[in-house]
Amino acid sequence: MGTLNTELLVDKLGKLANSQQSIEGLSQWCMFYKKDIKKIIATWDVQFQKASPEKRLAFMYLANDLLQNGRKKATELTGEFFRVLPKAFKTMAKTSPQKDIDKIKRLVLLWKERQVYSPNATQQLLDALNDSTMASPTGRPAGGEPGGKRVKTGYGATVSTDAPEVAFAQSMVTNVSEVSKLEMASNRRLHALSGPCRANLEHDGNMAELKAAVNPLRSYADALTKELKARKLAVSSLKSLLEDQEKGLSGTEQKLQLSK
């Protein structure tokens with residue numbers, strides 16, 4: 001696998017068309033460099049903000065193709081996209097025609113249905129898409145008042161809840177919470193499975209009894225599959241957060257040494 005050429009990616013994004021062939025072709029090209037998925041999504045974010053309102057829909061369709069077809073190949077993909085999608089959605093809410101916004105809303109609902117993102121995460125994305133109050137370069141919305149709530153950290157500092165880091169942390173908590181819910185659901189399926197299986201399989205039984213035992217087992221397997229997907233998403237989010245904190249730690253240590 002080669003090294004990602006960022007300039008070439010920028011050029012390809014600039015030529016991206018709102019057609020299935022163009023979107024799927026670039027999506028496959030990006031996945032060839034899946035080890036550089038963070039750079040790819042960061043470049044996508046920058047070029048999305050520079051793109052015309054008419055072209056941003058194609059960028060979203062590219063993100064959709066990557067999320068749905070690439071998340072199993074690059075587990076950190078969903079977490080990285082969640083860092084930039086809220087800001088991108090707010091940009092669209094401010095600049096794009098309603099017909100394009102409606103198309104993106106359908107995409108988000110599809111992500112929820114196919115468990116690309118959890119229900120709480122997709123609701124956060126829909127809220128961002130419904131938010132037409134864009135922050136100005138000074139950090140204030142068009143009306144001039146400070147944008148978003150501010151929360152206090154454990155060290156007395158405050159940070160806006162609109163910050164990508166906060167949105168990502170909220171998504172991570174949502175993912176972990178979703179794991180707990182699905183684990184409970186799996187355990188309920190297991191409990192429901194035990195009785196019928198023992199009753200039907202501890203003697204020879206007939207075909208109808210065996211089928212009755214298979215159905216709860218299939219239900220339990222389905223519940224475990226959902227739990228497994230949620231755990232993978234949670235692990236991906238935690239790994240990404242840990243990596244960012246380690247980079248921040250290294251940078252802060254270097255600054256401290258220089259200040260002495």
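**Helix packing and core of a predicted model**

Helix α4 meets helix α6 through Pro-53, Leu-57, Met-60, Tyr-61, Asn-64, Leu-67 and Gln-68 on the α4 side and Asp-100, Lys-103, Ile-104, Leu-107, Leu-110 and Trp-111 on the α6 side (contact means heavy atoms within 4.5 Å; helices are DSSP runs of H or I with at least four residues, numbered from the N terminus). The residues of this contact comprise nine nonpolar, two polar and two charged (Ala, Val, Leu, Ile, Met, Phe, Trp, Tyr, Cys and Pro count as nonpolar, Asp, Glu, Lys and Arg as charged, and the others, Gly among them, as polar). The model is predicted, so local features need pLDDT of at least 70 and side-chain atom pairs count only at pLDDT 80 or more, whereas totals for chains, interfaces and linings use all residues. Residues are numbered from 1 along each chain as its sequence is written, and side-chain values use heavy atoms, with hydrogens and water left out.

**Geometry of α4 and α6**

- The two helices, α4 and α6, pack at an angle of about 10°, and their axes are 11 Å apart (axes are lines fitted to C-alpha atoms, for helices over the stretch in contact, and angles run from 0 to 180 degrees between N-to-C directions).
- Helix α4 is therefore roughly parallel to α6 (the term applies to angles under 35 degrees).

**Nonpolar core**

- The largest nonpolar core has 45 residues, of which Trp-44, Phe-81, Leu-85, Phe-89, Trp-111 and Tyr-117 touch the most other members (a core is a set of buried Ala, Val, Leu, Ile, Met, Phe, Trp, Tyr and Cys residues joined through side-chain atoms within 4.5 Å; buried means under 20% relative accessible area, exposed over 50% and partly exposed in between, with a 1.4 Å probe and protein chains only).
- At least two residues of this core come from each of α1 (6-14), α2 (20-32), α3 (37-50), α4 (53-70), α5 (77-95), α6 (98-113) and α7 (119-129).
- Beyond its neighbours within four places in sequence, Phe-81 contacts Ile-41, Trp-44, Ala-63, Leu-66, Leu-67 and Tyr-117.

**Helix α3**

- The 14 residues of α3 should span 20 Å at 1.5 Å a residue, and its end C-alpha atoms agree, being 20 Å apart (the expected span is 1.5 Å times one less than the number of residues).
- Ile-37, Ile-40, Ile-41, Thr-43, Trp-44, Asp-45, Gln-47 and Phe-48 are buried in α3.
- These buried residues of α3 pack against α1, α2, α4 and α5.

**Individual positions**

- Ser-96, in the loop between α5 and α6, counts as buried because its relative accessibility is 10%.
- Leaving out neighbours within four places in sequence, Ser-96 contacts Pro-53, Thr-91 and Ile-101.
- Gln-20 belongs to helix α2 and counts as exposed, with 57% relative accessibility.

Conventions: Angles under 35 degrees count as roughly parallel, over 145 as roughly antiparallel, 65 to 115 as roughly perpendicular and the rest as oblique.
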